[in-house]
There are 2 protein chains.
Amino acid sequence: MYCGAMARTKDPAVRSLLLDRAAQMLRTRQPVTLRTLVAGTGVSTMAVYTYFGGMDGLWKALRQEGFTRLATRLAAVKISADPVRDLAALGAAYLANALENPDLYRVMFDAGFDLEDAGAADETLHRLVRSIERAKASGRFRDEVDPLELATQSWTIGHGLASLVATGPLPHQTLAHGAPMLTALFTSAGDEPARCRQSVEQGWGRPPGAVADRRAVVRGDPA
Amino acid sequence: MYCGAMARTKDPAVRSLLLDRAAQMLRTRQPVTLRTLVAGTGVSTMAVYTYFGGMDGLWKALRQEGFTRLATRLAAVKISADPVRDLAALGAAYLANALENPDLYRVMFDAGFDLEDAGAADETLHRLVRSIERAKASGRFRDEVDPLELATQSWTIGHGLASLVATGPLPHQTLAHGAPMLTALFTSAGDEPARCRQSVEQGWGRPPGAVADRRAVVRGDPA
DNA sequence: CCACAATACATAGCAACGCTATGCTTTGAT
DNA sequence: ATCAAAGCATAGCGTTGCTATGTATTGTGG
């Protein structure tokens with residue numbers, strides 16, 4: 001019998017070319033369609049199918065890319081001696097990432113967030129879990145605190161904020177609420193209030209996207 | 001001179017027929033397209049244009065409908081003598097509504113949530129504000145508490161939870177986190193911890209969608 | 001060394017999408 | 001009763017994602 005023979009090898013450069021272009025089109029708010037995506041790249045529409053199996057696959061890969069960027073961003077947060085500060089810093093990094101690429105962030109969470117490789121998403125949450133465990137070890141949080149539960153709650157706050165700001169309803173300045181909310185949460189986990197606030201504000205820093213805003217609160221000026 | 005002559009009047013029944021059908025198709029996860037929407041209704045595709053000005057208008061009306069349902073749901077929450085309990089009850093109602101119509105909820109928040117009539121959305125937030133003011137008046141919250149800020153923070157928690165559960169990543173049981181999170185927030189606003197927990201748990205009741213779950217935590221079983 | 005089989009990719013065409021142009025029908029004010 | 005304006009059905013346009021087909025390319029077995 002004969003073994004199969006190999007043929008042309010897929011060029012990974014084409015894959016990232018399409019992915020980058022899609023991300024950039026998303027950023028500049030151009031509609032990302034099969035034809036507009038490949039237009040000007042020299043490759044044909046079929047490339048999308050050989051590399052991603054279709055547009056759905058492209059979106060999935062784009063979500064993956066979003067989580068990879070997020071993971072990179074969180075990995076850049078330097079771990080300090082103060083685990084509560086670190087938690088706030090991770091939250092701030094999460095929000096900063098979401099607001100630097102709001103469209104990519106939106107893509108990450110619609111379609112039910114199914115990924116090929118959930119490693120990046122897992123790592124994201126696990127990083128929080130580890131900081132919470134350190135906070136417990138240093139006596140800042142109570143022993144009964146379940147790290148995964150508290151991590152999920154922190155994530156909920158971060159995502160709620162990111163989602164409401166990135167999709168429209170709330171103005172950017174609302175991001176400042178992150179600090180008091182995290183302080184409330186961590187205090188309820190056992191941290192001493194004054195010290196907690198100090199740690200959180202230190203880790204949170206200036207609100208992630210502290211810029212002048214363009215949108216009114218809820219009623220939304222009909223701009 | 002002559003005034004313009006009137007003609008056939010728009011039939012509001014057709015409008016709600018289309019709206020209801022769209023909501024039902026959303027619920028049963030059938031794709032809502034111009035043609036599938038009008039198929040079987042007897043009306044033609046043009047009806048969508050006369051009543052909504054196009055598919056965009058239909059989605060906008062659908063968002064409106066979502067906010068109306070939410071407002072109705074919140075209005076059904078009975079105000080008690082305990083404003084903190086009421087706040088938790090409003091949060092629970094918010095989540096219950098989001099999880100009864102998850103697809104409608106998703107529609108409400110993508111596309112930047114632009115509405116013709118923001119009254120319903122405003123009313124939603126204002127209901128929280130009023131309860132917070134009552135909590136301040138009865139001495140449960142500190143005087144320095146800004147009702148709108150605290151309302152926004154409560155909303156952020158509710159939306160974060162609803163969004164993460166409705167769009168996939170978190171299992172339904174996560175909704176139970178709502179109570180401790182709100183307790184943490186309201187305690188930080190000045191409420192006495194033990195009493196706060198009692199009030200919140202009373203208002204929150206059984207977690208809104210307390211049912212067996214179908215999805216694993218984050219890694220998501222590849223079902 | 002070379003022929004072959006498997007893969008990459010361009011081209012063209014398909015069904016379905018949202019939308020608009022057109023004309024018929026209905027209606028209410030004059 | 002009349003007639004302009006509005007509702008609405010039909011048909012067709014451009015674009016969407018996708019697939020079928022043909023061509024070019026390349027690693028490997030004989």
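A salt bridge here is a side-chain nitrogen of Lys or Arg within 4 Å of a carboxyl oxygen of Asp or Glu.

This is a predicted model, in which local features need pLDDT of at least 70, side-chain atom pairs count only at pLDDT 80 or more, and totals for chains, interfaces and linings use all residues. Residues are numbered from 1 along each chain as its sequence is written, chains are lettered from A in the order in which they are written, and side-chain values use heavy atoms, leaving out hydrogens and water.

**Stop 1: the interface**

Stay at the boundary. Two residue pairs are in polar contact between chain A and chain B, both at pLDDT 80 or more. A polar contact is a pair of N or O atoms within 3.5 Å; within protein, one must be able to donate a hydrogen and the other to accept it, and residues adjacent in sequence count only if both atoms are side-chain atoms.

Now select α7 (119–137), α8 (147–166) and α9 (178–188) of chain A. Each supplies at least two residues of the side that touches chain B. Helices are DSSP runs (H or I, at least four residues), numbered from the N terminus. Which helix gives the largest share? It is α8(A), with 11 residues.

Colour that side of chain A by residue type. You get 16 nonpolar, 11 polar and four charged residues. Ala, Val, Leu, Ile, Met, Phe, Trp, Tyr, Cys and Pro count as nonpolar, Asp, Glu, Lys and Arg as charged, and the others, Gly among them, as polar.

**Stop 2: the axis**

Show both chains. A rotation of 180 degrees, with 0.0 Å of shift along its axis, superposes chain A on chain B (RMSD 0.1 Å). Select Gly160(A): in chain A, its C-alpha is the nearest to the axis, at 1.8 Å.

**Stop 3: inside chain A**

Select Glu65(A) and Arg69(A). They form a salt bridge, with the closest N and O atoms 3.1 Å apart. Both lie in helix α4 (residues 55–75) of chain A, four residues apart, about one turn of the helix. The structure holds 22 salt bridges over all chains.

Definitions and conventions
Copies are superposed by least squares on the C-alpha atoms of residues with pLDDT of at least 70 in both.
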